[in-house]
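Please read it alongside the sequence and coordinates.

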Amino acid sequence: MEVRIEAVAKDFDRHPALHEIDLAIASGELAALVGPSGSGKTTLLRLIAGLETPGRGRILFGEEDASRLSVQARRVGFVFQHYALFRHMTVLENVGFGLSARPRALRPARAEIDRRARELLELVQLGGLEKRYPPQLSGGQRQRVALARALAIEPRVLLLDEPFGALDAQVRRDLRRWLRELHDRTGHTTVFVTHDQEEALELADRVVVMSQGRIEQAATPDEVYDRPATAFVHGFIGESSRLPVRVEGGEVFLDDRPTGLRADWEGPAELFFRPHQALVGDGAGGLAGMVTGGRRIAGVRRVELELGAAHRRVEVDLPLAQSCAPGTLLAFRPTAFRLYPLAGEGRPADR
Ligand code: ATP
């Protein structure tokens, strides 16, 4: 089921939590909402669910305007960070709950509910645990029960709010891979909130980066990582180093010296690069920095460089084999940079 969010805005006590948001999530797509705390991720998810009503705009499920439909009528499946399983019900009863709670006319027979719940427990690889109670399960197992319960109502859209947030790192990584496989098999349109950018990049078909109630970029993981639309996205996704620069007469200056880079707009700007993509080798022409120190981090050497008249310090990664004695001059790859205007409007230049 396609979900379209059209010019949706939401205020709380006259403070905007979401400015006008437009977003279309394709049928069968797994979209991840990422962003810092307070950027509006949960609010957007709750609006899609029907747990909040938009101040303006509308939300479409396919061609149907869902904005005024109740939570039940929207038929969405939820999983939250803190598994809200019923402690006094068995795993099987928990999974069947959404169906058992339907009005009599729409409720399947008990045997049919149990049959479907068993099928779903097989799907989430918990076959055999039907008779257990939630306190007798691990955190990861409880989240899989919660997912089976969300799937039992045959949701039109699956909404997951930090579903693995409370679990330890290894279980999280396992569940991530498992969720991706499950999604590929079942094909539900899924919106997933996480503050973990790695989780978003690994899991999602599309990453929606939010900041201060706005969407900064909605694109594939590769695009968001390799071609961040804004300085915010560059700084938020992946590792970044940045240098304050100035564009004058089409040239980019660092501390009043030309860098050899060009742009077709004017004003204060920031030059971003990824530490592991920055360097070509010995410096001649263009931007170069002097090695001041370094240390080994896992499989790379992280080197500290100073550059510009103001001795600005940045870090870059080099292969362990590459020499980098203090005092060595190292040149940057001109294509490693992305340039963003510091304030106001403008577009990033591809360099
Ligand atoms: P987190 O990662 O911390 O969960 P988030 O990106 O999900 O953050 P939201 O929970 O959507 O952010 O909150 C967005 C903004 O709206 C915040 O400024 C928050 O304080 C505010 N807000 C959210 N819910 C309410 C509410 N019920 N009443 C008042 N303000 C709210």
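1. In strand S4, arginine 56 is the bridge partner of alanine 9. Strand S1 (residues 3-12) and strand S4 (residues 56-61) run antiparallel and are joined by 5 bridges. Strands here are DSSP runs of E of at least two residues, and helices are runs of H or I of at least four, numbered from the N terminus; two strands pair if DSSP finds at least two bridges between them.

2. This is a predicted model, in which local features need pLDDT of at least 70 and side-chain atom pairs count only at pLDDT 80 or more, while totals for chains, interfaces and linings use all residues. Residues are numbered from 1 along each chain as its sequence is written.

3. The order S2-S1-S4-S5 describes an open sheet of 4 strands with antiparallel pairing. Strand S2 (15-25) and strand S5 (64-65) are at the edges with a single partner strand each, so one side of each lacks a neighbour in the sheet.

4. The chain is divided into domain 1 (3-232) and domain 2 (239-350), with bounds from an automatic or database domain assignment. Their centres, taken over C-alpha atoms, are separated by 40 Å. Contact (C-beta atoms, placed from the backbone, within 7 Å) involves 4 residues of domain 1 and 5 residues of domain 2. The domain 1 side of this contact has 3 nonpolar, 1 polar and no charged residues, where Ala, Val, Leu, Ile, Met, Phe, Trp, Tyr, Cys and Pro count as nonpolar, Asp, Glu, Lys and Arg as charged, and the others, Gly among them, as polar.

Note on methods
Two residues are in contact if their C-beta atoms, placed from the backbone, lie within 7 Å.
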